[in-house]
Amino acid sequence: MSVEAIHKNYSQLGSALIEKLYSSDYLSIGGTHSTDVLADLAGIAQGQRILDLGCGLGGPALHLAESRKCQVTGLDLVETNVLEANSRAAARGLDQRAGFQIGDAADMAFEDGTFDVVWGQDAWCHVPDKAALIAECARVLTSDGTIAFTDWLQTSDMDAVQLADVHDATVSTNMATMESYRGLLQGCGFTVRVSEDISATFIDQYRKIIARLESFEDEISNQFSPKVYGIMMQKNGAILRAFEAHLIGGGRIVAKRDAGP
Ligand SMILES: C[S@@+](CC[C@H](N)C(=O)[O-])C[C@H]1O[C@@H](n2cnc3c(N)ncnc32)[C@H](O)[C@@H]1O
């Protein structure tokens with residue numbers, strides 16, 4: 001999936017619609033609960049320097065800065081997301097602890113060893129080159145750093161038509177499997193501490209999202225157009241069908257690099 005498709009999906013209007021469907025500040029389905037669960041598993045502590053890759057409107061980063069008193073940098077391809085996240089940080093007096101920048105997660109401008117934790121919530125499925133992504137995470141982390149993320153995963157073999165439909169609906173070029181992520185992390189010197197299949201939670205959350213979307217039919221049709229509502233229903237319906245057929249699912253991963261002797 002092209003960079004243009006990411007910009008289109010997460011345009012100002014696109015992100016606003018996704019946020020309306022999901023939860024305040026979030027472009028991922030798990031919201032603050034998912035952030036809290038991952039933060040506990042990763043042992044996130046006050047003052048840690050966290051890099052949130054694919055930060056969207058800043059939901060996870062703002063929540064971590066506020067609730068865990070971390071120093072969070074968010075990175076996102078889409079400028080309007082970054083502007084909005086910075087403005088929300090300022091409005092809440094969090095701009096000393098949370099800042100957002102434009103950039104590509106697979107090719108970052110940060111110095112080596114800048115962060116204690118690299119974080120992601122449901123964003124890395126959009127990055128075509130997962131090997132480059134994990135290598136970049138490893139590079140910008142301290143020698144004993146932690147990678148903690150949730151993501152949409154491929155959970156079954158698919159034929160060409162199924163793959164094309166899934167990639168189209170999810171704006172991705174490929175999805176990692178749990179095993180492929182484990183392999184990439186181990187290859188970069190990380191020990192995988194948590195690799196949890198959270199597909200059942202994803203299916204449950206997605207059913208609620210479809211019900212929510214249906215309840216917004218009049219509002220979205222009047223505020224935007226019936227066509228916008230139709231596109232949202234078609235796309236999200238395809239995603240739910242892929243979840244229910246167990247073609248795709250969700251994973252939660254925490255990996256840590258042990259400092260050398
Ligand atoms: C599903 S949203 C999740 C946003 C955020 N993590 C959250 O939980 O609300 C995925 C985000 O990843 C961003 N993104 C996609 N590809 C990216 C890349 N290569 N580098 C940085 N950000 C990217 C998108 O612009 C979008 O904001």
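The exercises below concern the sheet and the ligand shell of a predicted model.

Local features require pLDDT of at least 70, and side-chain atom pairs count only at pLDDT 80 or more, whereas totals for chains, interfaces and linings use all residues. Residues are numbered from 1 along each chain as its sequence is written.

**Exercise 1. Determine the strand order of the sheet and its edge strands.**

Step 1. Strands are DSSP runs of E with at least two residues, and helices are runs of H or I with at least four, numbered from the N terminus. Two strands pair if DSSP finds at least two bridges between them.

Step 2. The order of the seven strands is β3-β2-β1-β4-β5-β7-β6, in an open sheet with mixed pairing.

Step 3. β3 (98–102) and β6 (190–197) pair on one side only and are the edge strands.

**Exercise 2. Describe how β2 and β3 are joined and which helix packs there.**

Step 1. The two strands β2 and β3 run parallel, with five bridges between them.

Step 2. Opposite T73 stands G99 in β3.

Step 3. Helix α5 (residues 79–91) packs on the sheet and touches β2 and β3 (contact: C-beta atoms, placed from the backbone, within 7 Å). The direction of α5 makes about 165° with that of β3 (axes are lines fitted to C-alpha atoms, for helices over the stretch in contact; angles run from 0 to 180 degrees between N-to-C directions).

**Exercise 3. Identify the surroundings of the ligand.**

Step 1. The ligand is surrounded by 24 residues (C-beta atom, placed from the backbone, within 6 Å). The closest are S28, G54, G56, Q121 and A123.

Step 2. Two or more shell residues come from each of α4 (59–68) and β2 (71–76).

Definitions and conventions:
Contact = placed C-beta atoms within 7 Å.
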